[in-house]
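Please consult the sequence and the model shown below while reading.

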Amino acid sequence: MAMVKPVIFQIVGYQNSGKTTIIMKLIEILKKNDLKSVTIKHHGHGGRPDILSQKDSAKHINAGAVASLIEGGGRLCLQADETALTLEDQIRFVDFFRPDIIFIEGHKMKSYPKLLILRDKNDLPLISDVSNIKAVIVWDKELINAVREKLEVPVFHITEEIAMTAISKELKKLAHHIVEKNL
C-alpha cells in the first residue's frame with residue numbers, strides 16, 4: 001500500500017486578518033467532500049501559548065512532565081513543554097493522522113504554497129516578502145488592482161463566497177491528484 005503524501009497549504013497574513021476563520025471555512029468545505037484536514041498554528045503573539053491551568057494535563061506539565069497526552073471518546077489532546085519542534089518536525093508529527101491536507105496558519109517565511117490575506121495597503125509589502133503565493137484575499141477592494149499588478153494569481157475580496165469555493169476546489173484537485181499518483 002502506497003503512503004499518501006498530504007497537501008501542505010499555508011494561510012498567511014498579519015494578526016487579525018482572518019486566517020483562522022478562513023481555515024475553518026476551508027476545513028468545513030473539505031470535510032463535506034470526505035477530505036481530512038489537520039492544522040498547525042504558529043503562536044505569533046510572543047511567549048508560550050496558554051494552557052488550561054486547572055486540568056490534570058497542565059498539572060502534569062507544571063510538575064515537570066515534558067508532555068502530557070489525554071485521550072477520551074475518540075479525542076486526543078497533547079500538551080508539551082520544553083519542546084521546540086521545527087515546522088518540518090510538526091508536519092511529520094501530524095502526518096501520523098494521515099490527513100489529505102495540512103493547513104499551516106502563519107510561518108510566513110516558509111515556502112509552501114499559500115493563501116495571502118491583506119487587510120489594507122499597509123499589508124502590501126507581504127506580496128514581496130513571502131513566496132509561493134497561490135491566491136490572495138483582500139479586505140479593501142481598492143487593493144485588488146494593486147495585487148493584480150504584482151501577481152498573476154486569483155485575487156478575491158473577503159466577502160466573495162467564490163473565494164472559498166475556488167480555493168477548496170484547487171485543494172481537492174491537489175489532494176485527489178496526489179492520491180491517484182500514489183495508487
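What percentage of the 183 residues in the chain is buried? In this predicted model, buried residues account for 36% of the 183 residues.

**Overall architecture**

The chain contains six helices and eight strands. Read from the N terminus, its elements follow the order β-α-β-α-β-β-α-β-β-α-β-α-β-α. Of the contacts with a separation of 6 or more, 52% join residues 24 or more positions apart. The accessible surface of the chain is about 11,800 Å², and carbon and sulfur atoms contribute 53% of that area.

In soluble globular proteins, nonpolar side chains tend to be buried together. The largest nonpolar core of this chain comprises 20 residues, and those with the most contacts inside it are Ile11, Leu26, Phe103, Leu115, Ile137, Ile167 and Leu171.

| Element | Residues |
|---|---|
| Helix H6 | 161-182 |

Helix H6 makes the largest contribution to this core, with five residues. A second, separate core has 16 residues, among them Leu118, Val147, Leu151 and Val153.

Leu115, one of the residues with the most contacts inside the largest core, illustrates the packing. When residues up to four places away in sequence are not counted, Leu115 touches Phe9, Gln10, Ile11, Val12, Ile22, Ala135, Val136, Ile137 and Ile167.

**Ser168 in helix H6**

Ser168 is located in helix H6. Is this residue, Ser168, buried or exposed? Ser168 has a relative accessible area of 2%, and it is therefore buried, the cut-off being under 20%. A polar atom of the Ser168 side chain lies 3.1 Å from the backbone oxygen of Thr165. Apart from neighbours within four places in sequence, Ser168 is in contact with Leu26, Ile29 and Leu30.

**The buried side of helix H3**

Helix H3 spans residues 87-94, and its buried residues are Leu87, Ile91 and Val94. These residues lie on the same side of H3 because they cover an arc of only 70 degrees around the axis. The elements that cover the buried residues of H3 include S1, strand S2 (37-41) and S5.

Technical notes. Residues are numbered from 1 along each chain as its sequence is written. This is a predicted model: local features need pLDDT of at least 70, side-chain atom pairs count only at pLDDT 80 or more; totals for chains, interfaces and linings use all residues. Side-chain values use heavy atoms; hydrogens and water are left out. Helices (H or I, at least four residues) and strands (E, at least two) are DSSP runs, numbered from the N terminus. Buried means under 20% relative accessible area, exposed over 50%, partly exposed in between (1.4 Å probe, protein chains only). A polar contact is a pair of N or O atoms within 3.5 Å; within protein, one must be able to donate a hydrogen and the other to accept it, and residues adjacent in sequence count only if both atoms are side-chain atoms. Contact means heavy atoms within 4.5 Å. Accessible areas come from the Shrake-Rupley method with a 1.4 Å probe; for residues, only the protein chains shown count as cover. A nonpolar core is a set of buried Ala, Val, Leu, Ile, Met, Phe, Trp, Tyr and Cys residues joined through side-chain atoms within 4.5 Å. The arc is that of the directions from the helix axis to the C-beta atoms.
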